[in-house]
Amino acid sequence: MSMEPPVGLTAMPVTKLAMITTLVVPLVASIASYKHIFLLQYDPFLQTYHQYYRLLIFQFCAINESDTVILALIWYLFRHLERLLGSHKYLTLIVLSWAYTTLGIWGLNLIWNAFIGQYKWLQWNNFSTGSLPIVLSLVHFYKEYTPQIYEWNIRLLGPRGGASSHNDNKREDKSAVEWKINDQFLLNGLILLLILNQGFAGILCGFISWMCGIFIDKGLLPGLDHWRIPFVSYFISQGPPTRANVAIAANAATNTAAARATVEAATAATGNGNTGNSGPTSLPLRGSSTTPTNTSSAGDDEPGADEPARPLGVQFLDTFRR
Amino acid sequence: VSSQYEFNQLQRLKQQFRTEHNTFVNMTYTDSFRNITGLKLSYQDMLNNPLQNATYPLPGKDYDRWFPNQNYMVLPNDVIEAINTEVWNTSNDDASNLFPPNITSTLLGKIDLVSNNKYEKIRMPVPRFYEPATDFSEDIPPEGETYWSEWPSYGELHNVSFQHGEIAIQISHMSNLQDNNNYLRRNFINKKNDRWKLLNLQIDFSDKAEKEKHSIYSKAVYDIQRGRILSISQSSKFHSLFALPHYMSFQNDYNEKIFNDVKELVDEFWNFTDYTDVMTMKDVQDAYNNANFKCEYLIFLQLEPWNQYTRDQIKLIDDELNWPLGRPANLSSLPPINVVSGLLYSPDCGVRLGLHNVKGTRYELKIMSIRKHLLFGIALFAAQIYLLLTQMHHTNTPSMVNKISFYCFSMINLVDGSLATLYFVAASVVPELYLPLVISAFSCFILASIFEIRYLISIYASQVNEQNVGIINLLRGNTGTYDENRPRPAFIPDEGSIGGSLYGRFFFMLIIFTFLILSSTSWPRQLRMVFEYILIFILNSYWIPQIFRNAVKGIPSRRERARSSIGGNRSQNKMPLLWSFVIGTTIIRSLPVVYVFTYSSNVFRHHKDVHFVVFLSLWLLFQISILYSQDVLGSRWFLPKHTIPDGYSYFKPLSNEYISEHGGGTAEHTVDCAICMSDVPIYIEEIPETHKVDQHSYMVTPCNHVFHTSCLENWMNYKLQCPVCRSPLPPL
């Protein structure tokens with residue numbers, strides 16, 4: 001497995017589904033002026049109106065536009081997880097997280113409000129909006145199983161006295177602040193923004209969800225080890241997004257002979273890599289290599305090999321171009 | 001204010017209102033009106049002396065007492081009696097009836113004339129300072145007053161001449177007043193907000209044919225406890241604001257309390273809005289126009305109680321309508337705002353009208369239902385875009401596009417484009433529906449101005465050759481290339497310039513058409529209906545041009561096509577329009593019309609006319625069936641055989657002269673195909689050895705160039721020009 005994931009969402013159906021849901025549901029809801037059904041609060045909705053369906057749907061739509069965008073970005077960054085676990089297991093994990101976090105948050109909310117929340121000002125009333133609980137439950141898996149690839153330091157120097165010390169970088173400065181930042185800092189920042197954006201409810205629900213993630217991983221909340229969501233294999237049939245599978249998916253889109261040839265080469269290459277010793281002999285013959293820079297170079301000799309698929313979106317754009 | 005004269009006019013008006021307000025403040029329930037404009041005379045005064053001028057004080061009139069009868073009111077006794085017994089006949093002392101506090105809505109119903117000549121007309125003078133200046137040097141407005149009989153006649157409506165008509169009452173609350181001066185939104189909430197509300201009423205009534213239209217715009221007082229609405233129109237001859245307390249309270253129960261409540265309400269409103277300070281020249285002119293052109297009306301309405309709800313439920317419903325959160329309010333079963341009984345009386349025209357069956361849903365519910373309709377419309381647009389894309393994909397060669405009628409798609413495009421414009425206009429008018437309206441407008445606009453126009457451009461480009469060609473030549477299938485008399489087009493315009501001219505034409509047509517539609521909504525009903533029916537009929541004949549086009553292009557019948565397709569590449573002979581496109585488009589376009597014409601309570605308030613819809617559907621069905629018959633029997637089956645000239649045939653034997661003239665290929669009896677640069681064996685009439693060559697294996701253009709059939713057909717998928725000499729080619 002290479003260090004860089006394939007760019008884009010080809011062969012990542014679950015990530016694609018999550019991103020589309022995150023973006024499309026709020027859009028449609030606001031056009032239809034039905035956004036309020038995704039609002040969940042203890043006081044009027046659960047306690048007085050008994051609208052428990054809100055518990056089922058509140059994670060599908062973020063009320064604020066900023067939350068929507070942040071969540072979509074986080075889902076995109078989480079495509080490492082789909083690569084790691086495979087689409088089917090990833091989908092199972094998402095559904096399990098959804099169920100456990102919803103139950104956990106609701107249960108704790110009930111307990112809190114039954115004992116401590118008797119007083120109006122101590123009542124836990126607000127919940128987070130959007131898929132924040134699922135995302136925070138997945139954060140545990142991301143941190144646990146995704147390797148850190150690189151890191152760098154940022155040194156913030158305090159104001160210097162004069163020009164004399166300005167050029168003297170080597171000298172240790174006591175006032176210098178050094179930050180070590182790794183490749184996951186974008187995700188960390190987004191998660192932090194997401195939580196802080198929703199205030200106290202975000203912190204609380206986020207923490208509970210994170211614990212849910214840990215428990216799912218440790219097996220305390222059962223399901224991930226033995227159970228998979230049935231009947232969805234058709235939609236996510238291509239398996240984990242390895243390079244060969246990506247090529248297969250691309251092939252399904254283009255379905256040209258040249259592309260098929262590329263795929264065969266790629267499959268052969270990865271097949272070699274998986275079965276045999278990964279020595280230099282098993283390197284692909286026709287240039288379909290494991291480095292991401294030249295994935296499309298396999299079919300260079302054939303015309304149309306690098307001809308992209310023309311899905312509906314591209315056809316739309318072609319209408320303007322031609 | 002643009003002159004000294006107008007400034008003085010405004011000052012006079014403010015002065016007048018302030019004086020009257022002072023009188024109003026000191027007025028008690030037992031006092032009569034003193035010198036308030038329009039209320040100086042009572043009905044009895046007019047009976048006593050029909051030519052009595054409205055002066056104050058009137059000799060012998062008792063101003064210190066007040067009783068609800070015609071001695072003191074502008075209403076005759078039997079109208080007062082009717083109001084007491086027929087309109088405001090529920091006293092609701094015990095508060096057993098509940099009325100909704102928020103009644104923003106549009107009510108529709110019927111209006112009947114009770115009498116228009118029985119009652120004496122009360123003389124209401126217009127002060128002369130309202131009159132516009134007669135010359136520029138005039139600074140001081142004239143003094144005195146004028147009466148109706150002295151006014152010049154401009155066709156004013158001082159009577160109601162029809163017996164039965166329709167009425168629309170738009171109610172909106174004044175809780176959300178906009179300050180005229182600094183545009184600060186402040187909420188006007190009076191102290192007894194749960195008992196009294198100030199409303200704005202816009203009342204329009206007319207006869208069925210809309211020949212005589214009356215419209216009243218006035219303020220109203222809503223008594224929530226009793227469900228009564230009183231509205232009195234206001235103009236320069238009738239300052240009704242000060243009459244509201246007395247006229248709200250002329251029933252015998254609770255009268256003094258009601259009087260004081262309403263007086264307090266009016267006074268609060270006066271102080272809140274700084275009534276006189278914010279007056280502008282527009283108010284002066286409006287008041288003057290209303291006084292001159294319209295009758296004054298007193299409107300008495302009684303609402304139906306919502307007794308199926310409790311007070312808390314009504315509050316919940318109001319909250320949910322105001323700020324939807326998904327409260328369990330069950331809005332779909334909300335009863336309409338229903339006016340049980342109502343009466344309109346005009347004191348200065350002596351007209352009495354009765355209302356019945358006036359009802360309407362809450363404004364917010366109306367908006368919700370319109371939003372649902374709009375969403376459905378967006379889905380229709382999306383389906384239309386999808387169908388158009390498949391259709392464009394189906395006809396992706398110039399030869400195929402050539403068979404499609406330009407006018408067919410022009411008509412479709414015109415409808416879509418004007419719909420987009422109307423949506424844009426509506427989006428700026430209805431702020432509550434901005435988002436769905438703009439989405440509809442954009443989806444419609446994308447459909448019309450991008451996809452359809454692109455398609456039109458390609459159709460136009462493929463048919464450029466046929467300009468200036470007679471219909472007989474077209475029927476023959478040739479573009480007149482070897483007609484030497486016709487000047488050949490000097491240049492063939494490219495798609496860019498065609499696009500420019502088409503876009504120009506599109507937007508021009510669009511603007512004209514939209515203005516026509518918008519202006520037609522204000523035409524009289526008869527004319528409007530004729531216009532509407534003809535327009536809908538014409539715009540729903542969009543397959544007719546395609547039928548003609550098919551006949552002109554001469555598509556063979558289905559059996560012939562099946563036979564010829566065995567031979568080889570005969571894909572050019574497909575029907576130009578996909579059946580899914582034809583049927584889908586017809587359904588998408590006729591659904592809204594069917595809805596509007598058959599569903600009697602549709603959102604557009606359009607009348608019901610099933611006959612027209614049946615007629616229209618049959619007409620569309622007829623068009624589709626002809627298209628289908630052209631598909632099955634060949635597109636020219638309805639033309640007599642002898643009227644159809646022979647088309648140009650690309651497949652013909654050549655003469656020996658041709659070979660000697662143009663030279664041959666490398667082998668004998670062949671020519672070079674300019675496309676694949678290899679030999680074409682040809683059938684030469686004089687040489688029997690060549691007679692075993694299939695005539696369908698090569699093609700001869702009208703300009704006498706020979707190519708392989710497959711080569712030229714592939715080329716003709718891109719351009720209908722001869723590859724050698726660039727002269728236009730007739731499509732296959």
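Buried, in these notes, means under 20% relative accessible area, exposed means over 50%, and partly exposed is in between (1.4 Å probe, protein chains only).

**Ground rules**

I am working from a predicted model, where local features need pLDDT of at least 70, side-chain atom pairs count only at pLDDT 80 or more, and totals for chains, interfaces and linings use all residues. Residues are numbered from 1 along each chain as its sequence is written, chains are lettered from A and ligands numbered from 1 in the order in which they are written, and side-chain values use heavy atoms, with hydrogens and water left out.

**Entry: cysteines in chain B**

I searched the whole structure for disulfides (cysteine sulfur atoms within 2.5 Å) and got one over all chains. The pair is B:Cys295 and B:Cys349, with sulfur atoms 2.0 Å apart. B:Cys295 sits in the loop between α6 (281-293) and β10 (298-303) of chain B, and B:Cys349 in the loop between β11 (337-346) and β12 (351-360), so the bond ties together parts that are 54 residues apart in sequence. Helices (H or I, at least four residues) and strands (E, at least two) are DSSP runs here, numbered from the N terminus.

I checked burial too. B:Cys295 counts as buried at 6% relative accessibility, and B:Cys349 is buried at 0%.

B:Cys444 is buried, at 0% relative accessibility.

**Entry: salt bridges**

My rule was a side-chain nitrogen of Lys or Arg within 4 Å of a carboxyl oxygen of Asp or Glu. I wrote down three of them.

- B:Asp223 pairs with B:Arg226 at 2.7 Å, N to O, and both residues are buried.
- B:Asp348 pairs with B:Lys237, the closest N and O atoms being 3.3 Å apart. B:Asp348 is in the loop between β11 and β12 of chain B and B:Lys237 in the loop between β9 (228-233) and α4 (244-248), 111 residues apart. Both B:Asp348 and B:Lys237 are buried.
- B:Arg589 meets B:Asp416 at 2.8 Å, N to O. B:Arg589 belongs to helix α17 (residues 579-598) and B:Asp416 to helix α10 (residues 406-429) of chain B, 173 residues apart. B:Arg589 and B:Asp416 are buried.

I also found that salt bridges with shared partners join B:Lys237, B:Glu296 and B:Asp348 into one network.

**Entry: where A touches B**

Contact means heavy atoms within 4.5 Å. On that basis, 15 residues of chain A are in contact with 18 residues of chain B. The buried area (accessible area, 1.4 Å probe, that two parts lose on being put together, summed over both) is about 1400 Å², and carbon and sulfur atoms give 71% of that.

How many salt bridges cross the interface of chain A and chain B? The rule finds zero. I did get four residue pairs in polar contact across the interface, both at pLDDT 80 or more. A polar contact is a pair of N or O atoms within 3.5 Å; within protein, one must be able to donate a hydrogen and the other to accept it, and residues adjacent in sequence count only if both atoms are side-chain atoms.

On the chain A side, α1 (13-31) and α12 (312-321) are the elements that give two or more residues. The largest share, three residues, comes from α12(A). By class I noted eight nonpolar, five polar and two charged residues on this side. Nonpolar covers Ala, Val, Leu, Ile, Met, Phe, Trp, Tyr, Cys and Pro; charged covers Asp, Glu, Lys and Arg; the others, Gly among them, are polar.

Chain A has 12 helices and two strands. Of its 322 residues, 40% are buried.

Most residues other than glycine have a negative phi. I looked up two with positive values. A:His50 has a phi of about 55°; A:His50 lies in the loop between α2 (42-48) and α3 (53-57) and is partly exposed at 48%. A:Phe231 has phi near 65°, is in the loop between α9 (199-218) and α10 (243-254), and is exposed at 78%.
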